[in-house]
Amino acid sequence: MTTTSDATATVQVYRVYIKATPEAIWDAITKPEWTEKYGYGGRAEYDLRPGGGYRVAATEAMVAQGAEMGFGVPEVMVDGEVVESEPPRRLVQTWRLLMMPPETAEEGFTRLTWEIEAIPGGATKLTVTHDLMGAPNTAALVSGARESEGAGGGWSWILSDLKSLLETGKPLAG
Amino acid sequence: MTEDGRVFKALADPTRRLLLDLLFARDGRTLGELEAGVEVAMTRFGVMKHLRVLEEAGLVVTRRSGREKLHFLNPVPIRLIHDRWIDKYTERQVSALADLKAELEENV
């Protein structure tokens with residue numbers, strides 16, 4: 001798949017409905033023991049107050065796998081700062097991808113908004129809005145446009161996996 | 001109707017698929033821009049109706065930006081169907097066929 005212009009759009013919006021409580025979804029986003037179970041599997045560490053730090057640490061398994069595939073996995077894969085934290089409804093943060101090559105790190109911080117809203121019937125609506133102004137390389141990666149190169153499926157894949165984990169107790173195979 | 005059912009129904013219509021393709025090419029468009037992109041003669045009301053079906057299926061998410069209402073493609077429902085149906089049964093065959101189709105069409 002070639003990188004199409006969608007990947008360079010400034011704002012990307014993702015929405016998924018999950019049969020879980022807002023609190024469970026909040027924990028799955030903000031607690032390392034949850035974030036290592038789905039998506040790319042890094043351990044997210046949040047200091048949940050405005051100006052607080054955010055980082056995603058690589059697990060030992062990821063470092064080992066990176067070495068096997070011939071690329072270095074940095075100890076901190078993503079970093080940023082908390083802008084607003086309103087558990088379990090809304091989290092605004094900055095977000096910078098530090099993976100090698102440095103083409104995404106050089107683009108600097110992007111802005112990520114998580115909105116969690118209970119809807120009638122016991123499900124919860126999770127909306128992820130990623131403002132990628134001036135960050136086309138990061139945008140291509142998080143859109144999943146480079147999945148065929150082994151870069152993973154981006155937010156769609158992460159959220160699909162999160163839904164699977166919270167609804168069935170298991171992430172998607174693979 | 002189930003979540004999957006709404007997605008399949010939304011995808012069953014060529015105008016709605018075209019609207020998704022327009023958003024895939026460039027995301028975050030207004031109704032007016034989408035209307036201009038739908039080349040067949042269609043009223044604004046017709047385009048709105050199709051966008052509503054896409055929104056109900058979760059394939060389009062709207063956001064306000066100042067006075068404008070922008071439409072965004074939400075790829076997650078398609079990913080869920082992919083993970084639920086395509087991956088499970090047929091991914092290898094489907095991608096082989098998709099490759100073959102792309103190759104054949106390139107040579108036309």
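Two residues are in contact if their C-beta atoms, placed from the backbone, lie within 7 Å. Keep that cut-off in mind for this tour. The model on your screen is predicted.

**Stop 1: two domains in chain B**

How many residues of domain 1 of chain B are in contact with domain 2? Seven residues of domain 1 are, and they meet four residues of domain 2. On the domain 1 side, four of the residues are nonpolar, two are polar and one is charged.

Now switch to a cartoon view of chain B. You will find five helices and two strands. Walk from the N terminus, and the elements run α-α-α-α-β-β-α. Of the 108 residues in this chain, 23% count as buried. Next, think about contacts in chain B between residues at least 6 apart in sequence. Of these, 50% join residues at least 24 apart.

**Stop 2: a crossing of helices in chain B**

Select residues 14-25 of chain B, which form helix α2, and residues 44-56, which form helix α4. Their axes are 10 Å apart, and the packing angle is about 75 degrees.

Show the side chains at the crossing. From α2(B) come B:Thr15, B:Arg16, B:Leu19 and B:Leu20. From α4(B) come B:His50, B:Leu51, B:Val53 and B:Leu54. What classes of residue make up this contact? Five are nonpolar, two are polar and one is charged.

**Stop 3: the sheet of chain A**

Move to chain A and show its strands. Seven of them form an open sheet. Trace the order β1-β7-β6-β5-β4-β3-β2. The pairing is antiparallel. Which strands stand at the edges? They are β1 and β2 (43-46) of chain A. Each has a single partner strand, so one side of each is left without a neighbour in the sheet. Look along the sheet: the twist averages 20 degrees from one strand to the next.

Start at β1(A), residues 11-18. Eight bridges join β1(A) to β7(A), residues 123-131. Pick out two pairs here. A:Gln12 stands opposite A:His130, and A:Arg15 stands opposite A:Thr127. β1(A) is mostly covered, with six of its eight residues buried.

Next, select β5(A), residues 90-97. Six bridges tie β5(A) to β6(A), residues 110-119, and the two strands run antiparallel. Find A:Thr94, which stands opposite A:Arg111 in β6(A). On β4(A), residues 76-86, there are six bridges to β5(A), again antiparallel. Here A:Asp79 stands opposite A:Arg96 in β5(A).

**Stop 4: a turn with a cis bond**

Stay with β4(A) and β5(A). A hairpin joins the two strands through three residues. Zoom in on A:Pro88, which is found in this loop. Is the peptide bond from A:Pro87 to A:Pro88 cis or trans? The bond is cis, with omega near -5 degrees. Most peptide bonds are trans.

**Stop 5: helices of chain A**

Select α1(A), residues 22-30. This helix lies across β1, β2, β5, β6 and β7 of chain A. Against β6(A), α1(A) runs at about 155 degrees. Then pick α5(A), which lies across β1 and β7 of chain A. Against β1(A), α5(A) runs at about 15 degrees.

Now go to α3(A), residues 60-69. How many of its 10 residues are buried? The number is zero, so this helix lies largely in the open. Step past the end of α3(A) to A:Gly70, where phi is positive, near 90 degrees. Most residues other than glycine have a negative phi.

**Stop 6: where the chains meet**

Show both chains together. In chain A, 18 residues are in contact with 16 residues of chain B. Which elements of chain A each supply at least two residues of this side? They are β1 (11-18) and α5 (154-168). The largest share, seven residues, comes from β1(A). By class, the chain A side has nine nonpolar, seven polar and two charged residues.

Notes:
Residues numbered from 1 in each chain as written. Chains lettered and ligands numbered in written order. Predicted model: local features only at pLDDT ≥ 70, side-chain atom pairs only at ≥ 80, totals over all residues. Helix = DSSP H or I, 4+ residues; strand = E, 2+ residues; numbered from the N terminus. Nonpolar A, V, L, I, M, F, W, Y, C, P; charged D, E, K, R; others polar. Buried ≥ 20, exposed ≤ 12 C-beta atoms within 10 Å, placed from the backbone. Axes fitted to C-alpha atoms, helices over the stretch in contact; angles between N-to-C directions. Pairing = 2+ DSSP bridges.
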